[in-house]
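Good morning, everyone, and thank you for coming. Today I would like to talk about charged side chains, so please take a look at the model first.

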Amino acid sequence: MSTTSRPSSFLIRPDKDTFLNEENPFEAMMSRFDYAAQRLNLDPGLYKVLRTPEKQIIVAVPFLRDNGEVDVLTGYRVLYNTSRGPAKGGIRFDMNVTLDEVKALAAWMTWKCAVVNIPFGGSKGGVVCDPSLLSNAELERITRRYTSAIIETLGPDSDVPAPDVNTNERMMAWIMDTYSMHKRHTVTAVVTGKPVEMGGSLGRREATGRGCMIVTREALRKLRMPIAGTRVAVQGFGNVGSIAAQLMEELGLTVVAVSDKSGGVYNPKGLRIKHLQEFVKPHRFLNEYKEAEQLTNDQLLTVECEVLVPAALENVITSQNARDIKARIICEGANGPTTANADKILEEGGVFVIPDILANAGGVTVSYFEWVQDRGGYFWDEETVNQRLERIMVRSFDEVAGMAGRHGVNMRIGAYMLAIERVAAVHRLRGLYA
Ligand code: NAD
């Protein structure tokens with residue numbers, strides 16, 4: 001991180017007015033929610049309740065720059081629904097953070113936790129900033145000030161953050177420390193994705209990629225496709241993409257293409273994923289790798305393969321490229337990689353999509369294990385974590401496939417229906433507090 005002082009103009013997002021377009025994440029999420037709710041014949045009152053975030057918090061985050069100036073950032077925390085348990089959701093530091101995006105991500109978390117049937121609601125938070133222009137000391141001051149600004153909603157029983165875009169386990173340690181200093185005692189379970197030394201869980205780092213591998217294996221089984229000879233392309237070579245690629249290779253699949261933001265590499269006979277992971281440690285980017293053909297991110301999405309894993313960004317599979325996709329299975333490692341318009345085209349083309357709220361739920365599942373271990377003060381070995389994750393992912397895949405089959409809908413709508421049904425059931429049992 002740079003320690004030099006910068007002009008405060010970096011705080012203003014350049015594209016603020018153009019962001020709300022047809023790919024607005026909240027609307028994209030809601031279009032699927034509406035359809036699933038309609039298929040469930042959800043009663044109109046509950047529909048209104050589930051369509052509305054419970055709490056939306058906007059805070060000012062004043063902080064001291066390294067050069068002695070004071071700057072003020074904007075922070076958000078949205079608790080979408082807490083009927084099933086404490087809210088759970090990451091915090092991102094990014095210039096593109098908007099209230100609409102945070103609302104959509106908080107809703108996604110609600111449905112994701114319900115799909116894997118863990119006792120959490122959904123939330124999300126963010127601070128509008130560009131972390132690449134901030135020093136470590138500045139990031140620490142921002143993290144601590146943001147934490148204290150939202151401290152009334154935080155807590156192991158109310159709202160439990162985790163890392164997301166541009167936040168990491170170091171920042172989770174600062175959140176845990178700030179919260180604990182206010183409470184006057186150590187509270188590890190207030191946040192997940194912490195370093196293992198201070199209450200983090202073994203297996204958390206690999207959990208999202210491992211979940212992607214498990215549901216892909218289940219999809220191949222369901223579609224009666226073999227493991228041997230099945231080709232995979234993975235977009236994104238970060239936490240989710242690189243681990244998913246590694247575990248899929250270990251399973252016996254042939255990973256023919258991977259990419260990061262610099263571009264991608266391709267070998268029709270199969271890449272060596274461990275070798276690529278070692279390569280990016282010193283070189284950072286894949287476009288410098290010379291032992292395979294280069295390809296662009298657009299080419300990666302339409303490469304010849306049976307399984308495509310978008311594990312980088314939102315809105316990469318659109319009505320513009322969906323017809324050109326060759327894969328028979330898409331495993332959504334990223335949140336929201338497919339637009340609602342692309343969904344229709346993929347369905348017509350017979351592509352089996354494992355939706356994000358199922359495919360990447362391995363991460364929040366092991367975050368749940370971390371919270372359980374912190375509260376119990378008893379820590380599990382990695383094998384136990386992985387076995388329990390495996391059981392939850394396989395069960396959830398079967399439950400989503402069962403719902404989709406019974407209602408004649410695709411896996412995404414099946415997952416939304418399962419989630420909405422579970423959240424709605426709790427609302428009915430609890431009743432409406434007057
Ligand atoms: P990461 O920062 O570790 O990796 C992101 C990867 O995407 C990097 O390789 C980066 O180079 C690449 N990338 C960035 N811009 C790109 C572009 N324009 N084209 C192609 N590649 C690009 O992030 P991550 O933790 O792996 O998260 C990836 C996605 O998975 C995000 O959508 C995130 O919300 C979602 N997700 C992550 C987790 C988790 O536990 N990490 C859990 C659920 C969902």
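**Salt bridges in the model**

Arg-32, Glu-332, Asp-343, Asp-356 and Arg-412 are joined in a network of salt bridges, where a salt bridge is a side-chain nitrogen of Lys or Arg within 4 Å of a carboxyl oxygen of Asp or Glu. This is a predicted model, in which local features need pLDDT of at least 70 and side-chain atom pairs count only at pLDDT 80 or more, while totals for chains, interfaces and linings use all residues. Residues are numbered from 1 along each chain as its sequence is written, and side-chain values use heavy atoms, with hydrogens and water left out.

How many salt bridges does the structure hold? There are 28 salt bridges in the structure.

Let me turn to Lys-194, which forms a salt bridge with Asp-374, their closest N and O atoms being 2.7 Å apart. Lys-194 lies in the loop between helix H5 (169-183) and helix H6 (204-222), whereas Asp-374 lies in helix H12 (residues 362-376), so the pair ties together parts that are 180 residues apart in sequence. Helices here are DSSP runs (H or I, at least four residues), numbered from the N terminus. Lys-194 is buried, with a relative accessible area of 3%, and Asp-374 is buried as well, at 10%; buried means under 20% relative accessible area, exposed over 50%, with a 1.4 Å probe and protein chains only.

Arg-221, in turn, forms a salt bridge with Glu-218, with 2.6 Å between the closest N and O atoms. The two are three residues apart in helix H6 and therefore separated by about one helical turn. Arg-221 counts as exposed, at 55% relative accessibility, whereas Glu-218 is buried, at 6%.
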